[in-house]
Amino acid sequence: QVQLVESGGGLVQAGGSLRLSCAASGRALSSIAIGWFRQAPGKEREFVAAINRSGGNTYYADSVKGRSTISRDNPKNTVYVQMNSLKPEDTAVYYCAAGVQYYSGSYAYSNEGSYDYWGRGTQVTVSS
């Protein structure tokens with residue numbers, strides 16, 4: 001069992017930055033892949049970014065590529081996503097998810113079905 005708690009969301013003006021954190025417990029972070037997803041009101045949940053167990057491979061949605069950086073601190077059992085140049089369309093609830101199976105490639109990491117555990121989310125609101 002893996003428990004995930006997101007934090008770092010909030011209200012920010014367009015062009016601003018936020019760093020979201022995902023704290024994991026119940027299993028060593030080095031044994032799980034982590035993905036970030038988001039869901040805006042009235043829309044389906046969509047992939048944002050992901051990172052493999054070692055941190056050597058990262059994946060990003062086109063919508064955030066170049067503006068976001070995902071990283072992990074395995075000793076602290078925490079994964080971060082730094083989001084810069086935020087836009088109103090980034091407004092959503094952001095969820096982190098943990099995958100315990102082994103897989104590879106951007107398709108697998110961006111697929112919700114690859115993840116076994118989910119946090120409750122943190123709200124990000126970007127004002128124009």
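This is a predicted model: local features need pLDDT of at least 70, side-chain atom pairs count only at pLDDT 80 or more; totals for chains, interfaces and linings use all residues.
Residues are numbered from 1 along each chain as its sequence is written, and side-chain values use heavy atoms, with hydrogens and water left out.

**Overall build**

- Along the principal axes, the C-alpha atoms of the protein fill a box of roughly 40 × 25 × 25 Å.
- The protein contains one helix and 11 strands; helices (H or I, at least four residues) and strands (E, at least two) are DSSP runs, numbered from the N terminus.
- In sequence order, the pattern is β-β-β-β-β-β-β-β-β-α-β-β.
- Of the 128 residues, 45% are buried, where buried means under 20% relative accessible area, exposed over 50%, and partly exposed in between (1.4 Å probe, protein chains only).
- Among contacts (heavy atoms within 4.5 Å) between residues at least 6 apart in sequence, 60% join residues at least 24 apart.

**The disulfide**

- The structure holds one disulfide, a term for a pair of cysteine sulfur atoms within 2.5 Å.
- Cys22 and Cys96 form this link, with an S to S distance of 2.1 Å.
- The two cysteines are 74 residues apart and belong to distant parts of the chain: Cys22 is in strand S3 (residues 18-25), and Cys96 is in strand S9 (residues 92-99).
- The disulfide is right-handed, because the torsion about the S-S bond of Cys22 and Cys96 is about 65°.
- Cys22 is buried, at 0% relative accessibility, and Cys96 is buried with a relative accessible area of 0%.

**The four-stranded sheet**

- An open sheet is formed by four strands in the order S1-S3-S8-S7, with antiparallel pairing; two strands pair if DSSP finds at least two bridges between them.
- Strand S1 (3-7) and strand S7 (68-73) are at the edges with a single partner strand each, so one side of each has no neighbour in the sheet.
- From one strand to the next, the twist averages 15°; the axes are lines fitted to C-alpha atoms, for helices over the stretch in contact, and angles run from 0 to 180 degrees between N-to-C directions.
- Five bridges join the antiparallel strands S1 and S3.
- In this pairing, Val5 is opposite Ala23 in S3, and Glu6 is opposite Cys22 in S3.
- S3 and S8 are antiparallel and share six bridges, and Ser21 is opposite Tyr80 in S8.
- S7 and S8 are also paired in the antiparallel sense, over six bridges, and Ser71 is opposite Tyr80 in S8.
- The hairpin of S7 and S8 has four residues between the strands, and Asn77 in this hairpin takes a positive phi near 55°.

**Two serines in the sheet**

- Ser21 belongs to strand S3 and counts as buried, at 15% relative accessibility.
- Leaving out residues up to four places away in sequence, Ser21 touches Val5, Glu6, Ser7, Trp36, Thr78, Val79 and Tyr80.
- Ser68 is in strand S7 and is buried, with a relative accessible area of 6%.
- Beyond its neighbours within four places in sequence, Ser68 is in contact with Tyr60, Val81, Gln82 and Met83.
- Ser68, Ile70 and Arg72 make up the covered face of S7, while Thr69, Ser71 and Asp73 make up the uncovered one.

**The nonpolar core**

- A nonpolar core is a set of buried Ala, Val, Leu, Ile, Met, Phe, Trp, Tyr and Cys residues joined through side-chain atoms within 4.5 Å.
- The largest nonpolar core has 38 residues, of which Leu4, Ile32, Ile34, Trp36, Val79 and Tyr94 touch the most other members.
- Two or more residues of this core come from each of S3, strand S4 (33-39), strand S5 (46-51), strand S8 (78-83), S9, helix H1 (106-109) and strand S11 (122-127).
- Not counting residues up to four places away in sequence, Ile34 touches Leu4, Leu29, Ala49, Ala50, Ile51, Ile70, Arg72, Val79, Ala97, Ala98 and Tyr115.
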